[in-house]
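Visitor: I have a new structure open and would like to learn how to read it. Please take me through it one feature at a time.

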Amino acid sequence: MQEPNQQIAKTLKSLRAEQGWSLDRTAKETGVSKAMLGQIERGESSPTIATLWKIAGGFNTSLSSFLEIAPDRAQETVIRSATALRSQPSPDQMLVAPLFPHDDRFGFEMFELTLLPGYERYSEPHEPGVTEHVVVISGVMELLIDGAWITLEKGAAVRFAGDKPHGYRNLHSEPAVIHDVIHYDRDR
Ligand code: MN
């Protein structure tokens, strides 16, 4: 089993155990097929980021919990190398570096997302109260917010409700790199 697959398999198994969900129930809650869930749990499949996002949404958990082992104890200072952050669970049109994985104390996770040319994804709404903050680091990308695609150039910053349908795409020939801070409002 590859290491990223192992972390994903472990997380899925423990989330199911916590909830007491069968594979059937998990398929219903996440919109991911039972067969695929089984493969992921056995480490036989490298799920796409889109699939992981669906699973995370079904469990009301963060994407980064699938990509990262949460630290055992609170650590204020975290220093991580550029290469360690950029190992990809699967070949995907969106590369994900979990810069700061979700931590309950802070209520957010922060990603560097690289949208390769031609990438387009409609996101399932995240859990209620989720707010996304997108900053374009390089290239040009489009965000679908409130039913309309808006073009964002390098340096643009946008905040929007992540609990409504939205999308990301790159129609250009160069990769677009963005920072995405996803804030979870769990105390409401
Ligand atoms: Mn999103």
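Visitor: Where is Asp146 placed?

Guide: Asp146 sits in the loop between strand S5 (140-145) and strand S6 (148-153). Helices (H or I, at least four residues) and strands (E, at least two) are DSSP runs, numbered from the N terminus. A word on the source: this is a predicted model, where local features need pLDDT of at least 70, side-chain atom pairs count only at pLDDT 80 or more, and totals for chains, interfaces and linings use all residues. Residues are numbered from 1 along each chain as its sequence is written, and side-chain values use heavy atoms, with hydrogens and water left out.

Visitor: Is Asp146 buried or exposed?

Guide: Start with the cut-offs. Buried means under 20% relative accessible area, exposed means over 50%, and partly exposed is in between (1.4 Å probe, protein chains only). Asp146 counts as exposed because its relative accessibility is 71%.

Visitor: What is the phi of Asp146?

Guide: The general idea is this. Most residues other than glycine have a negative phi. Asp146 has a phi near 50°, a positive value in a residue other than glycine. Asn60 also has a positive phi, near 55°.

Visitor: Where does Asn60 lie?

Guide: Asn60 lies in the loop between H4 and helix H5 (64-67). Asn60 follows H4. With a relative accessible area of 43%, Asn60 is partly exposed.

Visitor: How many residues of helix H4 are buried?

Guide: Helix H4 covers residues 49-58. Seven of its 10 residues are buried, so H4 is largely enclosed by the rest of the structure. The buried ones are Ile49, Thr51, Leu52, Trp53, Ile55, Ala56 and Gly58.

Visitor: What is Thr51 in contact with?

Guide: Contact means heavy atoms within 4.5 Å. Leave aside neighbours within four places in sequence, and Thr51 is in contact with Val32 and Ile40. Thr51 is buried, with a relative accessible area of 16%. From Thr51 to Gly31 is 9.0 Å, C-alpha to C-alpha, and the two are 20 residues apart in sequence.

Visitor: Which residues are the protein donors of the manganese ion?

Guide: First, the rule. Donors are N, O and S atoms within 2.8 Å of the metal (3.2 Å for Na, K and Ca). Water is not among the atoms, so sites may look incomplete. Here the protein donors are His126 (NE2), Glu132 (OE), His166 (NE2) and Tyr168 (OH). They lie 2.0 to 2.2 Å from the manganese ion. Along the chain, the donors follow the spacing H-x5-E-x33-H-x1-Y. His126 and His166 link distant parts of the chain, 40 residues apart. His126 is in the loop between strand S3 (120-123) and strand S4 (131-138), while His166 is in strand S8 (residues 166-169). Both His126 and His166 are buried.

Visitor: What does Ser123 touch?

Guide: Ser123 is in strand S3. Not counting residues up to four places away in sequence, Ser123 touches Pro165, His166, Gly167 and Tyr168. Ser123 is buried, with a relative accessible area of 5%.

Visitor: What does Arg169 touch?

Guide: Arg169 lies in strand S8. Its contacts, not counting residues up to four places away in sequence, are Leu115, Tyr119, Glu120, Met141, Glu142 and Trp149. Arg169 is buried, with a relative accessible area of 17%. Thr151, in strand S6, touches Val140, Met141 and Glu142, again not counting residues up to four places away in sequence. The C-alpha atoms of Thr151 and Arg169 are separated by 9.6 Å. For Arg169 and Arg105, the C-alpha separation is 31 Å.

Visitor: Now the whole protein. What is its radius of gyration?

Guide: The radius of gyration is taken over C-alpha atoms, and the globule rule is 2.2 Å times the number of residues to the power 0.38. With 188 residues, a compact globule would have a radius near 16 Å; the protein has 16 Å, which agrees. Its C-alpha atoms fill a box of roughly 45 × 35 × 35 Å, taken along the principal axes. The secondary structure comes to six helices and nine strands. Buried residues make up 44% of the 188 residues.
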